[in-house]
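Please walk me through this model in the viewer, one selection at a time. I would like to know what to pick and what is found there.

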Amino acid sequence: MMHDVIISGAGPSGSQCAEVLAKAGYRVALIERDANWRKPCGGSVSSRVLKLYPQIKKLNIPKIRGGVLYSADYHRVEYRRKDNLFSTVIDRLELDNIMRDTAIDVGAELFDKNLAFDFISKNQEKIGIKTKSPSGVKEYHGKIIIVADGMSSKLAIKSGLRSKWKTEEIATAKCAIMEGANNLDEEFIYVYFKPYMGYGWIFPLGSNRFNIGCGIAGEDLLRYNLNDIYTEFIGDPKIKEFIPGSNYKIIWAGSYPLPTVGVLENSLYDNNLMLIGDTAGFISPINGEGISGSVYSGKAAAEVAIEALENEDYSKNTLKKYKKHPDIKHFIRSFKMRHSLSKFFVENRGVNLNKIFELAEKDSNYREQVTGLFLSKEDIIPSKDFFTRIKEI
Ligand SMILES: Cc1cc2nc3c(=O)[nH]c(=O)nc-3n(C[C@H](O)[C@H](O)[C@H](O)COP(=O)(O)OP(=O)(O)OC[C@H]3O[C@@H](n4cnc5c(N)ncnc54)[C@H](O)[C@@H]3O)c2cc1C
């Protein structure tokens with residue numbers, strides 16, 4: 001069966017991409033390995049994402065107004081938005097279902113229990129993908145193929161657009177949804193930086209639930225054991241102030257890697273092909289926020305695909321507009337800046353960050369910029385003074 005567009009992966013990036021294409025009247029196949037998979041995630045969703053999914057705001061989920069950030073030596077920096085919502089926290093399975101169902105409602109066809117493992121090629125052109133399904137190998141043909149199946153994508157490697165991630169390009173994080181009495185302020189997310197490359201978080205989920213987790217990045221992945229770090233984090237006396245109980249019910253737990261180097265700007269497109277979301281590195285290198293980059297890269301790829309379909313030209317010369325899309329240019333620039341800063345932040349076993357937070361504790365203008373960087377406030381661009389003072393540290 002011929003579709004206009006085949007999308008491999010029905011996570012946030014693939015579902016948003018499918019929705020935009022299906023709304024425009026195109027035939028979209030959304031290929032998913034397992035729609036019941038709960039992606040390991042903190043589930044923090046920024047207001048930028050909620051703009052595309054206003055229905056999420058109506059759910060009974062936390063209305064997050066800001067964040068509390070701690071350095072490794074527990075300097076505390078707080079950000080609170082007075083007017084509108086800063087973000088929310090949601091169970092990822094629920095989020096993925098909402099995003100996927102929104103795409104299906106406007107006409108995208110979901111093919112669940114299909115694991116994409118290779119392209120179908122003809123005269124050196126990619127004309128579809130092959131999947132493994134319970135009833136054997138299946139083939140899906142399309143004019144454009146969009147790879148949205150996450151950071152462990154098989155197709156991204158087979159496409160030749162990018163190679164396997166190196167240790168220094170990724171982090172791995174472990175998290176859980178827990179239930180039980182706690183002292184968390186339901187309007188805040190809590191982030192704890194560490195004396196290694198990584199951080200821990202507690203995100204309130206309402207009705208006595210919270211998402212708790214931590215991650216390690218780069219070479220520290222080789223030095224530390226994620227399970228040990230997680231156990232240490234949830235037992236930390238400072239954390240215990242907020243979750244004093246000794247017997248929280250674990251609703252769910254899991255771990256998964258994430259890329260930390262920013263957008264792979266030279267791996268975004270080829271003839272008939274685009275890479276979106278985690279597959280192409282659309283995650284903020286400082287805080288690991290990737291849902292926003294995923295949905296907006298999916299939206300941008302869909303807009304470029306629509307133009308290509310209208311003109312019946314799927315060559316890389318046309319698809320290069322994806323990289324030039326204003327949203328994509330924004331993420332490339334913003335993540336590049338954050339990636340270069342993140343190296344400095346984590347150097348020196350957390351001491352640099354301790355000093356930055358100490359400064360931010362005392363100076364509200366500086367604090368505004370620090371929280372802007374760490375909480376991905378889009379309107380905050382660090383000033384020259386910010387960098388000058390960092391260099392003095
Ligand atoms: C532990 C952890 C915590 C995080 N916390 C946050 C957070 O709080 N907020 C935030 O914004 N971001 C967070 N992120 C990042 C965020 O999870 C990702 O950026 C986001 O999920 C990327 O969306 P995606 O659609 O590109 O990929 P994914 O969400 O990974 O979706 C990929 C989809 O493709 C499917 N798939 C995979 N392989 C195949 C295949 N071969 N064939 C068919 N289908 C396949 C999967 O089942 C999945 O549905 C976190 C990441 C981790 C690992």
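The stops below cover the domains, the ligand and a pair of helices in this predicted model.

**Stop 1: the two domains.** Colour the protein chain by its division into domain 1 (2-44 + 91-166 + 261-334) and domain 2 (45-90 + 167-259). Their C-alpha centres are 27 Å apart. Now select the contact, to which domain 1 gives 25 residues and domain 2 gives 33 residues. On the side of domain 1 that touches domain 2, α4 (92-105) and α9 are the elements that give two or more residues. The largest share of that side comes from α4, with four residues. By class, the side of domain 1 that touches domain 2 has ten nonpolar, eight polar and seven charged residues.

**Stop 2: the ligand.** Select the shell of 38 residues that surround the ligand; G11, G42, G150, G277 and G290 are the closest. Elements giving two or more residues to this shell include α1 (12-23), β8 (115-122) and α9 (291-311). The shell is made up of 15 nonpolar, 15 polar and eight charged residues. Where does the ligand lie relative to domain 1 and domain 2? Both domains give residues to the shell, so the ligand lies between them.

**Stop 3: α13 and α14.** Select residues 351-362 for helix α13 and residues 364-374 for helix α14; they pack at an angle of about 130°, with their axes 6 Å apart. The two helices are therefore oblique to each other, and α13 passes α14 in a left-handed crossing. Show side chains for I356, L359 and A360 in α13, which meet Y366, R367 and V370 in α14. The residues of this contact comprise five nonpolar, no polar and one charged.

How values were computed:
Residues are numbered from 1 along each chain as its sequence is written. This is a predicted model: local features need pLDDT of at least 70, side-chain atom pairs count only at pLDDT 80 or more; totals for chains, interfaces and linings use all residues. Axes are lines fitted to C-alpha atoms, for helices over the stretch in contact, and angles run from 0 to 180 degrees between N-to-C directions. Angles under 35 degrees count as roughly parallel, over 145 as roughly antiparallel, 65 to 115 as roughly perpendicular and the rest as oblique. A crossing is left-handed if the near helix is turned anticlockwise from the far one by less than a right angle, and right-handed if clockwise. Two residues are in contact if their C-beta atoms, placed from the backbone, lie within 7 Å. Ala, Val, Leu, Ile, Met, Phe, Trp, Tyr, Cys and Pro count as nonpolar, Asp, Glu, Lys and Arg as charged, and the others, Gly among them, as polar. A residue is near a molecule or strand if its C-beta atom, placed from the backbone, lies within 6 Å of it. Domain bounds come from an automatic or database domain assignment.
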